[in-house]
Amino acid sequence: MIRIALVVLPCCVLTLLASSVSAQSLAYSPAPGAKFQYEIEIRLEFGTTETRLQGVTHYTADVVSDDELRLTFHGGLRESAQSKSRRAISPMGFRSRNLPPFGPPTFRGKIQTTNKITLSPQGEVIALQGDSQLPFILGNLSLLPFEPLPTQDITQWETEGTTMIASVDTRDRWMRSPFHDANDRDLRSAKTKQTYRIVSDNDSKTVIKKTYELIVPPSDEETALQLSGSGTWTFDKQSGMPEAMDFQYQLTLKLGDSVVTTPLTLKYHRLTEQEITKREAEAASRAAEAKQKAAEQKAIAERPLTAEEKTKLLQAMRSTKAYDRVKALQTLAGKLPTQPDPEIIAAIGLLLEDSDRAVKATAIRALEKWDAGFKEINKLVSAYNSHIPLKSSNLKVDETTPLFPGQILQVQQSNGWWKAATVSELLASGRVEVIHRGPWKTNEIVTRDKLQLAPKLLPQPNRPKPVQDASVPSSGTTPSDGIVTPTGGEALSPMRTWTDASGAFTFDAKLVVVAGDRLVLSGKDGKVITVALGKLCQKDQAFIEKKIGEKKKPEPINPFAP
């Protein structure tokens, strides 16, 4: 069993070393209200991959006294991975595993956080509110720039202590990166030692040579770990804050005869006023360019189609080539129409059941842009096809509410949430067996007070068809797959009342377009909707068949014309 570690809970003792050379006292002493920014880059080469953590952190000196320094920290680092033989890519599974809504990262130093820090003038941590832990041996991001300072005017000092570490089990994942998440329930003890020696000192800056060593001895089958390194740390006396760090670590993992050694680099520097001003100007320029580009794209999207563009798009959507249909639909999906176009809506509707998956998916996106009613219905369908909690419909179900097998509705969970379900069976006891919708189709028997009807807009494909009225002749046939459109800009029918197959819902509208088995209706308020012919009552279906038949009749030819 191989284990890799995350450092936590340090406990160190500062030791002063005698020196024949004295140095001016060092202390953290920024001016109250002063602001500082640090650009940080961490690189770990592990196997064939180089992982990076990069970002800018911000500090504000809230309170400065002879006894303590209170700082507000804000920042976080971005993680990326790059193969030594390939271009930069995001770490496998990083987005889906670590970002909301799937859950926050284990290491909060990899997202934007805000901490409150209280330090002594020599860098001892008195209090820390908030969490910005970084992976593995990197510690807390908010404390990264701060090193312990001596209490006397000396040029050498060191710290020794014990650190508790948490291990990651890598039994079936040989040599996973130490940036991987850790299990803080399995703690081991490690010894640490840091030494500091001033190598350069003047009125403005002090350059300090630092060495670091962490040793985790092996225990049973666990991995022995050693981390050692050296580098320079620069302290700015004028600002009373750290200025830069350039540190090289060597990480060694041992298990029996197997040894893996990998380099780890830590660099940061405090941004100057000129750098901050330049970055802010560049950020403002990028924001202005993005705003201008968005405005230009919005103007293009809202520009109405010309007659020529519309004709070409309609022709492309009837093409036998899926590529042509997809391109036309992508163009329409990129538009923001200010007025409904019944002919475009009808043409897109014909492709909702296209045999090509790409065409079908793009048609859904396009129709959501052109038909507000479809967008609302499709949003409901998506919500009721998943296991995600739903907003309560407040449509209560009691013993008199008619239900039918296959009906989609809401069922209340023990935690009070409502989730989508399908009626499986109406039991003689009065209770109802339902099947939860989404990936986990589990059965449950519930009382009716635990159910609510779905919104009326949600399609119910399993709704029983009403018994046909003998006085209404059956159409017996379905319309052709062609598109029937009005001539001379007039509707295909005057304003009339349309009724659904259940007889429960009506809609006053004009018939504008017939496209295969879909109708486009224009209501009194100008609202344009599409509806499947099969969802209408038999009387309306017969009316549509008659209307299509009239359109198919050939124009009479005048035999007396010259």
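Which residues in α5 are buried? The points below take this up along with the surrounding elements.

1. Basis. This is a predicted model, in which local features need pLDDT of at least 70, side-chain atom pairs count only at pLDDT 80 or more, and totals for chains, interfaces and linings use all residues. Numbering runs from 1 along each chain as its sequence is written, and side-chain values use heavy atoms, with hydrogens and water left out.

2. Overall. The chain has 8 helices and 24 strands (DSSP runs numbered from the N terminus: H or I of at least four residues for helices, E of at least two for strands). Of its 562 residues, 41% count as buried, meaning under 20% relative accessible area with a 1.4 Å probe, protein chains only. Among contacts (heavy atoms within 4.5 Å) with a separation of 6 or more, 61% join residues 24 or more positions apart.

3. Helix α5. The buried residues are Ile344, Ile345, Ala346, Ala347, Ile348 and Gly349. That is 6 of the 8 residues of the helix, which spans 342–349 and is mostly covered. The cover includes α3 (307–317), α4, α6, β22 (506–515), β23 (518–523) and β24 (528–532).

4. Helices α4 and α6. Residues 322–333 (α4) and 357–370 (α6) pack at an angle of about 25 degrees, their axes 8 Å apart. That makes α4 roughly parallel to α6 (angles under 35 degrees; axes are lines fitted to C-alpha atoms over the stretch in contact, and angles run from 0 to 180 degrees between N-to-C directions). On the α4 side the contact includes Arg325, Leu329 and Leu332, and on the α6 side Val359, Arg365 and Trp370. By class, this contact has 10 nonpolar, 2 polar and 3 charged residues (Ala, Val, Leu, Ile, Met, Phe, Trp, Tyr, Cys and Pro are nonpolar; Asp, Glu, Lys and Arg are charged; the others, Gly among them, are polar).

5. Lys335. This residue is in the loop between α4 and α5. Lys335 counts as buried because its relative accessible area is 8%. Beyond four places in sequence, Lys335 touches Ile300, Ala301, Arg303, Leu305, Lys369 and Trp370. Lys335 and Ala301 are 34 residues apart in sequence, but their C-alpha atoms are 4.2 Å apart.

6. Thr234. Strand β12 (residues 224–236) holds Thr234, which is buried at 12% relative accessibility. Apart from neighbours within four places in sequence, Thr234 contacts Lys205, Thr206, Val207, Pro242, Glu243 and Ala244.

Methods. Angles under 35 degrees count as roughly parallel, over 145 as roughly antiparallel, 65 to 115 as roughly perpendicular and the rest as oblique. Buried means under 20% relative accessible area, exposed over 50%, partly exposed in between (1.4 Å probe, protein chains only).
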